[in-house]
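Trainee: I've got a model open and I'd like to learn how to read it. Can we go through a few features together?

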Amino acid sequence: MSEQKGHKPFVPYIPASKSLPELTVTSIVLGIILAVLFGAANAYLGLKVGLTVSASIPAAVISMGILRGIFKRDSILENNIVQTMTTAGEALGAGAVFTIPALFLMGVEIKQIMLIFIVLTGGFLGVFMMVPLRRMLIVNEHETLPYPEGTACAEVLKTGETGGSQAKLVALGFLAGGTVKILTDGFKLFKSEIQVGVYKFQNAFVGTQIYPALVGVGFIIGPRIAGQMVAGGLMASLVLVPAIAFFGGESSQIIFPASEALKNLDAAGIWDNYIRYIGAGAVAAGGLITLVKTLPAIIQTLRSTMQSMSKNKGNKMLELERTDKDIPMKWVLICIAVILVIIAFDPFTNVGIIGAIAIGIFGFLFVTVASRIVGIVGSSSSPVSGMTIATLLIVALVYKAFGYHGDQGIILTLTVAAIVCSALAVAGDISQDLKTGYLVGGTPWKQQVAMMIGVLASGLVMGYILTLLDNAYGMGSAELPAPKAMLMKILAEGILNGNLPWTLIFIGVSIAIVIEFLGMNSLVFAVGLYLPLNISATVMFGGFVRMIVNAVIKRKKESSEEGKGATRIERGTLFASGLIAGESLLGVIIAFIISINANIIPTDVLIQNQWLPFIVFIIVCALLYISTVPRSKKVK
């Protein structure tokens with residue numbers, strides 16, 4: 001299965017013929033601890049700013065430090081298991097805080113057993129539903145889907161094995177990314193965001209974030225995909241926002257869904273009240289288009305899997321290599337069916353058969369989309385909330401058609417959306433983990449089991465973490481605004497109470513269809529449209545550095561020389577991996593510090609001037625380029 005037509009068979013870092021310690025007691029215990037810690041940190045971050053931190057690379061770095069430094073163990077596959085388990089906590093943290101706090105905001109009395117049930121069923125479905133997709137996405141499309149964070153994590157793990165100059169590149173990137181994170185979000189020395197208006201262009205704006213991790217992601221995914229993503233952001237900031245401001249800027253009328261007159265809204269207000277809905281419609285349409293386009297390949301993959309299972313029945317899968325063994329398909333299908341039946345009749349959520357069917361359909365649909373889109377833009381930029389919004393919109397309409405309304409319908413809708421959100425968040429993360437395992441030579445079924453253990457460990461405490469944060473700060477307060485969950489609440493109430501801005505939703509759908517006809521990837525474009533421009537612009541800077549490197553390789557005709565061009569890209573990937581690791585790890589540490597004592601971190605930025613963060617950002621991009629194209633003529 002790993003051999004593609006016209007290509008040599010891929011050989012991982014640890015070949016299939018070699019076995020190393022992998023799913024050990026030590027790796028499981030360490031993975032459980034890190035899963036809980038990263039889950040708590042990401043829950044806080046998601047409630048605070050609506051974004052979460054990818055945990056795979058920080059987990060890999062911590063794992064190597066503990067396993068090698070304390071336990072004197074040197075198995076790269078054992079490290080891979082630890083980072084796989086850790087991402088389960090991070091994924092459940094994201095899935096939980098984007099949806100479940102909406103129930104807190106409604107003032108619903110929530111029992112812990114209900115919260116645990118939601119995250120566990122969603123997490124397990126995410127793992128099981130991704131299993132049949134592994135060969136199609138990770139193996140068959142190895143050359144076309146980069147999985148930036150999974151690839152970066154593999155480089156970090158391999159560098160820990162080889163050391164030398166490769167380790168120095170990762171260390172330098174780690175130092176650069178971590179230093180910038182400390183200066184911006186730790187000491188608050190300068191702003192982490194640059195945003196300026198455009199001269200004589202009403203409410204138009206451009207900007208970027210001082211996030212080295214996103215620069216690293218942009219380098220790994222390349223300029224073409226990064227360009228399509230930033231195009232969506234530019235569509236929002238330079239076209240839609242100014243157009244809305246121009247045509248309604250003099251009106252004193254309050255135009256739904258905003259709660260104040262359009263002339264009083266700045267660019268951020270217009271984006272928050274109008275563009276967000278357009279972006280949600282575009283993401284929903286882009287996701288459906290992606291699913292339709294990949295449906296034949298999915299069906300073929302499932303058919304091949306079933307045939308393989310039938311041929312190997314009774315042979316204990318002896319024909320498959322160690323690096324190609326998943327959890328047996330029979331058990332995957334049985335577990336999915338059992339979970340859906342339990343959801344249909346459980347006394348905790350009461351979503352009923354309607355909810356179970358919706359979870360089965362939208363779970364598989366968006367798990368497929370999430371598993372694929374993270375292969376393009378990475379987990380950090382995956383539109384998890386956008387796909388959850390699409391689920392929520394349709395499920396709310398279905399419940400309304402069956403006579404559910406008011407608080408009862410809203411609670412049922414939010415519960416279904418929360419389970420689906422947890423499923424696709426976990427599926428996206430395990431896709432990155434399986435890419436890492438594919439590159440380093442891990443055993444897929446062991447990673448899948450490790451992910452379920454991580455889901456179980458973090459899922460059992462996630463409800464208590466949310467309750468603790470609610471009691472300490474209050475959901476929806478200035479200290480804990482829960483922006484994504486607030487949007488979910490508004491949408492659910494809007495549909496079931498009959499006041500949703502459908503025109504904005506359909507504008508987004510139409511934009512996605514037009515983009516698809518233009519030959520671009522509508523889902524990538526929609527991601528850029530839905531996310532703030534500052535995020536996609538930062539990714540584009542990394543893609544721009546990659547474009548310059550490609551031009552250097554072409555000018556020096558290194559692509560025709562044995563390995564030189566590929567070596568340059570590899571050097572850049574190592575440094576980019578360090579950027580991602582440095583910022584992510586320091587981001588989690590800062591989150592822990594804030595959760596312990598928020599007063600430790602300054603609240604005001606010391607230097608207000610925007611030139612300083614811009615200069616720092618350019619230095620990061622320059623370091624990425626220098627690490628990729630060294631001054632020496634020989635490329636080591």
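Mentor: Leaving out residues up to four places away in sequence, L466 touches L47, A96, V97, I100, F104 and M475. Before we go on, this is a predicted model: local features need pLDDT of at least 70, side-chain atom pairs count only at pLDDT 80 or more, and totals for chains, interfaces and linings use all residues. Residues are numbered from 1 along each chain as its sequence is written, and side-chain values use heavy atoms, with hydrogens and water left out.

Trainee: How many residues apart in sequence are L466 and V97?

Mentor: They are 369 residues apart in sequence, yet 8.0 Å apart in space, C-alpha to C-alpha.

Trainee: And where does L466 sit, and is it buried or exposed?

Mentor: Helices are DSSP runs (H or I, at least four residues), numbered from the N terminus. L466 belongs to helix α16 (residues 444-473). For burial, go by relative accessible area with a 1.4 Å probe, protein chains only: buried is under 20%, exposed is over 50%, and partly exposed is in between. L466 has 1% relative accessibility, so it counts as buried.

Trainee: What does the side chain of T413 have a polar atom close to, at 2.8 Å?

Mentor: The backbone oxygen of G409. T413 is in helix α15 (residues 406-440) and counts as buried, at 0% relative accessibility. Its contacts, again without residues up to four places away in sequence, are L392, V395, A396, Y399 and L496.

Trainee: Now the rings. How do I describe an aromatic pair?

Mentor: By the distance of the centres and the angle of the planes. Rings of Phe, Tyr and Trp (its six-membered ring) pair if their centres lie within 6.5 Å; planes under 30 degrees apart are stacked, over 60 edge-to-face, and the rest tilted. This structure has 8 aromatic pairs. In one of them, the rings of F362 and F366 have centres 6.4 Å apart and planes at 15°, so that pair is stacked. Both residues lie in helix α13 (residues 352-377), 4 residues apart, about one turn of the helix. F362 is buried at 11%, and F366 is buried at 2%.

Trainee: What kind of pair do W611 and F614 form?

Mentor: An edge-to-face one, 6.2 Å centre to centre with 80° between the planes. W611 and F614 are 3 residues apart in helix α22 (residues 611-628), about one helical turn. W611 counts as exposed at 59% relative accessibility, while F614 is partly exposed at 30%.

Notes:
Helices (H or I, at least four residues) and strands (E, at least two) are DSSP runs, numbered from the N terminus. Contact means heavy atoms within 4.5 Å. A polar contact is a pair of N or O atoms within 3.5 Å; within protein, one must be able to donate a hydrogen and the other to accept it, and residues adjacent in sequence count only if both atoms are side-chain atoms.
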